[in-house]
Amino acid sequence: GFILGFLAIPSWLLYVLSDQKKGREQLNRLLPAWMRPDFWAVVRIFDRAFGAFIRGQLLVALLVTILTYLGLELLFRLFGLEGNVRYQLFLALTAGMFQLVPSIGPFLAVIPAALIGLLISVQFSLGIIAVYIGVQQIISNFVTSRVERNVIDLHPAFFIVIIVALSEISFWWVLLAAPITAIGRDLFRYVYGRFSSPPRPAGLLPDEPLPSPAPPQPGVTGTPRRQWLANINRNRRQLRQAQPPGGGSS
């Protein structure tokens, strides 16, 4: 089943990418005209959150795996354990897998590594912990902060509560905590904007600016120009109301 699925994925991706335009047109024919902008806005929210999350997390996991393997290889050589049973690849892959768990994944990865190190010596176990800490410092300072800002902008204290709540469902929900939280936040903001007074335009995501009205023709004065300026001021007020508390953007 795994081999069949592995071989079928490229063909499936080829059909999806080649028929994307036709599929969109077919869906538009099935959907009522009034629903199309809102439907595609929801699709864009899901696509944006999961796309940014998957790309970022895979990049971080790959870098953690490579750096952890190099660090453990150096540590094994320093302790003269080249000929013994080697756990570098296993521990590096484990560290990369746990890196997919937001916030608490790096702390979970160091536990089996430290326990395996204790089978050799206490000093070796402390060396493994030092390698993991060094890798996380490199990743957090140069990679992780930029990746997480592209997915979700939440305080870690609030985000850890969400992870703990999702962990009660299953482990896979923990892996998807970041995009699920981003999707829930953006859906709430989108629905809130659509039902606000005046409502935001259909199909416009929460962090997208309101379209500016067309400027009046040159030489036109009086009521049309005043109406144009009034529309601009109203759009600015709506944009400020749609901003999250604190003025930050996500």
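Residues 24 or more positions apart account for 62% of the protein's contacts with a separation of 6 or more. The model is predicted.

**View 1. The overall fold holds 10 helices and zero strands.** Along the sequence the pattern reads α-α-α-α-α-α-α-α-α-α. The protein has 250 residues, and 33% of them count as buried. Its accessible surface comes to about 16,300 Å². Carbon and sulfur atoms contribute 69% of that surface.

**View 2. Phe 39 and Trp 40 form one of the four aromatic pairs in the structure.** The ring centres lie 5.1 Å apart. The planes meet at 80 degrees, which is over 60, so the pair is edge-to-face. Phe 39 has 28% relative accessibility and counts as partly exposed, because that value falls between the 20% and 50% limits. Trp 40 has a relative accessible area of 13%, under 20%, so Trp 40 is buried.

**View 3. Phe 76 and Phe 124 pair edge-to-face.** Their centres are 5.0 Å apart, with 90 degrees between the planes. The pair links distant parts of the chain, 48 residues apart. Phe 76 belongs to helix 3 (residues 36-78). Phe 124 belongs to helix 6 (residues 122-151). Both Phe 76 and Phe 124 are buried. Together with Phe 79, these two residues make up one aromatic cluster.

**View 4. The charged end of Arg 24 sits over the ring of Trp 40.** The distance from this charged end to the ring centre is 4.0 Å. Trp 40 is the buried residue that also pairs with Phe 39.

Terms used
Residues numbered from 1 in each chain as written. Predicted model: local features only at pLDDT ≥ 70, side-chain atom pairs only at ≥ 80, totals over all residues. Heavy atoms only, no water. Helix = DSSP H or I, 4+ residues; strand = E, 2+ residues; numbered from the N terminus. Buried < 20%, exposed > 50% of the residue type's maximum accessible area, 1.4 Å probe, protein only. Contact = heavy atoms within 4.5 Å. Areas by Shrake-Rupley, 256 points an atom, 1.4 Å probe, with all protein chains shown as cover. Phe/Tyr/Trp six-rings, centres within 6.5 Å; stacked < 30°, edge-to-face > 60°. Lys NZ or Arg CZ within 6 Å of the ring centre and 35° of its normal.
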